[in-house]
Amino acid sequence: MASPVVPSAGALTPLGLNSVRLAPGFWGDRRALNQEVIIGHCLAWMERLGWVGNFRGEPGRGREFADSEVYKLLEAMAWADDRRFEALESIVVRAQEADGYLNTRWRGDRYRDFEWGHELYCFGHLIQAGVARWRRSGEGPLTRTACLAADHICRRFLEAPEVCGHPGVEMALVELYRITGADRYLEMARRFVERRGTPALADIEFGRAYFQDDLPVRDAKVFRGHAVRAMYLACGTVDVAVETGDEALLSAVRAQWERTVAGRVHLTGGMGSRHAGEAFGDDYELPPDRAYSETCAAVGSLMLSQRLLLATGDPRYADLAERTLYNVIATSPALDGRSFHYTNPLQVRVPGEPSEGVSPRAESALRAPWFSVSCCPNNLARTFASLPAYTAAATADGIRIHHLTPAEIRHDGLVLQVDTGYPWSGGATVRVLASPRAPRTISLRLPPWASEAEVTAGTATVRRDSALVHVEKAWRPGDKVRLELPMEPRWIRPDPRIDSVRGCVAVERGPIVYCAETSEEELVEVDTAVPPVEHAEHAEHTEHEERSEAEPVELDVTATTVRPRRPGWPYGGAAHEPGESRNLRLVPYHRWGNRGPVTMRVWLPARRA
């Protein structure tokens with residue numbers, strides 16, 4: 001099956017790229033942009049900077065994990081059936097040593113630095129690229145290279161005490177086990193998971209929590225430390241738990257997810273509060289202007305949500321996946337696909353400076369075409385390439401659609417066509433193109449903000465709970481299910497324990513978080529004493545008049561500018577007075593920064609009546 005994760009057990013069965021075909025629309029357009037622009041952009045930069053040349057034996061260039069970026073791109077190319085795959089593949093496979101070792105940075109000086117060397121991490125991405133090639137097109141040189149590398153890992157580490165400072169190899173080994181059936185790969189992944197936190201790594205400035213090595217995985221209560229590392233480790237842990245039937249291990253990760261979502265995730269779905277250590281903060285430590293919210297952490301969160309969703313069937317994991325997709329993953333690339341956000345703050349006080357080359361600053365307030373650490377563009381490339389696999393899943397008696405996007409979905413004789421203008425409109429029509437004679441169930445996820453959703457399904461039997469609607473019938477070609485989601489803008493107020501945004505409000509519409517984007521250097525307050533939000537335009541909810549990405553919905557709020565009353569000292573009494581009221585235009589957060597240097601904020605200070 002052509003999917004990044006294919007568990008052998010679970011409540012749901014993934015539907016891969018051979019079963020789901022995205023049509024033009026929000027996500028179909030981004031997948032097309034990825035294939036037409038982003039993949040080639042990444043390849044050109046890695047050729048230019050010598051990261052591909054490392055595999056040709058040229059003088060080593062790039063960071064110690066540069067190999068992994070080439071592997072991520074190979075994975076993206078494999079999912080996308082990119083014609084450039086074989087040329088890059090041939091360069092990589094020729095660099096492998098006879099015993100299976102492959103790393104262009106540490107040739108002849110292996111395994112000297114488990115904290116920072118990233119050797120096993122790079123192997124993980126190599127194996128994932130090989131798995132993608134295998135599942136998409138069958139065996140080939142890269143899949144054989146991946147197996148040789150995995151065999152080397154097992155020989156070297158099965159009885160050794162070490163782990164890698166950056167998790168990632170664990171989930172890769174499990175996916176290779178799922179393809180090959182070789183028990184040693186699963187056992188190696190299990191041992192890597194169980195060793196962490198014993199401790200297995202040296203202490204560092206940020207503490208062992210940075211590596212998730214402060215506690216055994218089973219004893220941890222919440223995700224902590226470096227956010228990307230935490231997500232990758234959790235993914236591998238879920239994979240091990242599912243394949244070994246270890247319910248206690250799976251429950252441990254689910255409990256960590258619960259507490260993390262309850263107090264350590266930004267409104268956008270972004271993960272990571274601290275620039276120091278690129279890390280999670282404490283509970284409710286979620287500053288908008290210092291949010292790190294790395295793009296790669298969002299990719300890791302999406303991967304974890306998918307694994308937990310397939311394992312348990314709980315649609316809440318798809319809820320977080322949707323939030324993350326629309327408000328972090330869609331935010332990182334510019335509309336032309338040629339520059340990217342590494343971090344995704346929720347407030348920018350000072351407009352950034354454009355970058356034409358390699359940016360050394362991940363926290364730049366503007367997208368950059370490349371970074372000295374350019375993990376994010378390549379992570380996006382492989383995510384966009386594999387997006388169809390996240391759209392829907394198979395149930396015991398039909399298909400469950402988790403993410404509304406124009407698509408054709410096939411499973412077990414049931415063929416569906418999804419037409420929708422989501423996220424700009426709330427209307428979606430699921431048409432049956434073909435069906436077996438026996439009854440089948442079409443299930444649709446209802447987002448948590450859509451309690452008033454309406455479903456029309458003719459004579460079909462409709463069952464509904466708080467998060468899913470199930471429509472059952474012996475379907476015939478031409479039958480339809482119509483879903484209408486409420487798309488009125490919503491005021492969002494933070495938990496008062498989030499000190500940094502207490503007294504503020506944000507605006508959401510559908511799955512989209514909005515922000516104020518302006519080049520004016522003035523503080524804006526939202527006046528909640530008047531009707532707070534008005535549509536800039538009316539969004540039609542019919543399948544023939546859906547909005548397109550070229551016409552994103554914008555919103556107006558009534559706002560009041562403020563002027564300092566006593567310059568020179570920001571404390572004591574009323575330090576400002578209201579100025580004139582005006583409309584403040586809010587734009588989808590994922591589109592901010594596409595018109596040059598601007599200031600931006602998601603959380604708007606609310607003036608008390």
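Which residues of α12 are buried? Keep that in mind as you open this predicted model.

**Stop 1: helix α12**

Select residues 375–385, the helix α12. The buried residues here are C375, C376, P377, N378, N379, L380, A381, R382, T383, F384 and A385. Buried here means under 20% relative accessible area. Leave R382 on display for the next stop.

**Stop 2: the largest cavity**

Rolling a probe the size of a water molecule over the atoms shows where empty space is left. A search of the whole structure turns up seven cavities of 30 Å³ or more. The largest cavity has a volume of about 140 Å³. Select P4, E75, Q128, M303 and R382: of the 15 lining residues, these are the closest to its centre. Then colour α2 (66–80), α4 (119–137), α10 (295–312) and α12, the elements that give two or more residues to the lining of this cavity. The largest share, four residues, comes from α10. By class, the lining of the largest cavity has eight nonpolar, three polar and four charged residues.

**Stop 3: the second largest cavity**

This cavity has a volume of about 90 Å³. To see its lining, select Q212, V217, A220, F223, R224, A230, L233, A234, T237, V253 and Q256. Two helices, α8 (227–244) and α9, each supply at least two of the lining residues. Which element gives the most to the lining of the second largest cavity? Helix α8 does, with four residues. The class count for this lining is seven nonpolar, three polar and one charged.

**Stop 4: the largest nonpolar core**

In soluble globular proteins, nonpolar side chains tend to be buried together. Here the largest nonpolar core has 180 residues. Select L304 and I401, the residues with the most contacts inside this core. Helix α8 provides the largest share of the core, 12 residues. Stay on L304 and show its surroundings. Leaving out residues up to four places away in sequence, L304 touches F223, M231, A234, C235, V238, V253 and W257. F223, A234 and V253 also line the second largest cavity. Next, select L286, C515, W592 and W603. They are among the 20 residues of another core, which lies apart from the largest one.

**Stop 5: the largest pocket**

Move on to an open space. The largest pocket has a volume of about 660 Å³. Its lining has 29 residues, and V261, V265, H266, L267 and R323 lie nearest the centre. Colour α9 (247–263) and α11 (316–329), the elements that give two or more residues to this lining. Five residues come from α11, the largest share. By class, the lining of the largest pocket has 19 nonpolar, two polar and eight charged residues.

**Stop 6: the sheet**

Finish with strands. Strands of a sheet pair through backbone hydrogen bonds, either parallel or antiparallel. Show the open sheet of six strands, in the order β1-β6-β7-β11-β14-β13, with mixed pairing. Which strands stand at the edges? They are β1 (13–14) and β13 (461–464). Each has a single partner strand, so one side of each is left without a neighbour in the sheet. Zoom in on β13. Four bridges join β13 to β14 (residues 468–473), and the two run antiparallel. Last, select V462 and V471: V462 stands opposite V471 in β14.

Definitions and conventions. Residues numbered from 1 in each chain as written. Predicted model: local features only at pLDDT ≥ 70, side-chain atom pairs only at ≥ 80, totals over all residues. Heavy atoms only, no water. 1 Å grid on protein atoms, 1.4 Å probe; cavity = no way out; pocket = protein on both sides within 12 Å on 5 of 7 lines; lining within 4 Å. Points joined across faces, edges and corners; volume = space filled by probe spheres on them. Nonpolar A, V, L, I, M, F, W, Y, C, P; charged D, E, K, R; others polar. Buried < 20%, exposed > 50% of the residue type's maximum accessible area, 1.4 Å probe, protein only. Pairing = 2+ DSSP bridges. Core = buried A, V, L, I, M, F, W, Y, C linked by side-chain atoms within 4.5 Å. Contact = heavy atoms within 4.5 Å.
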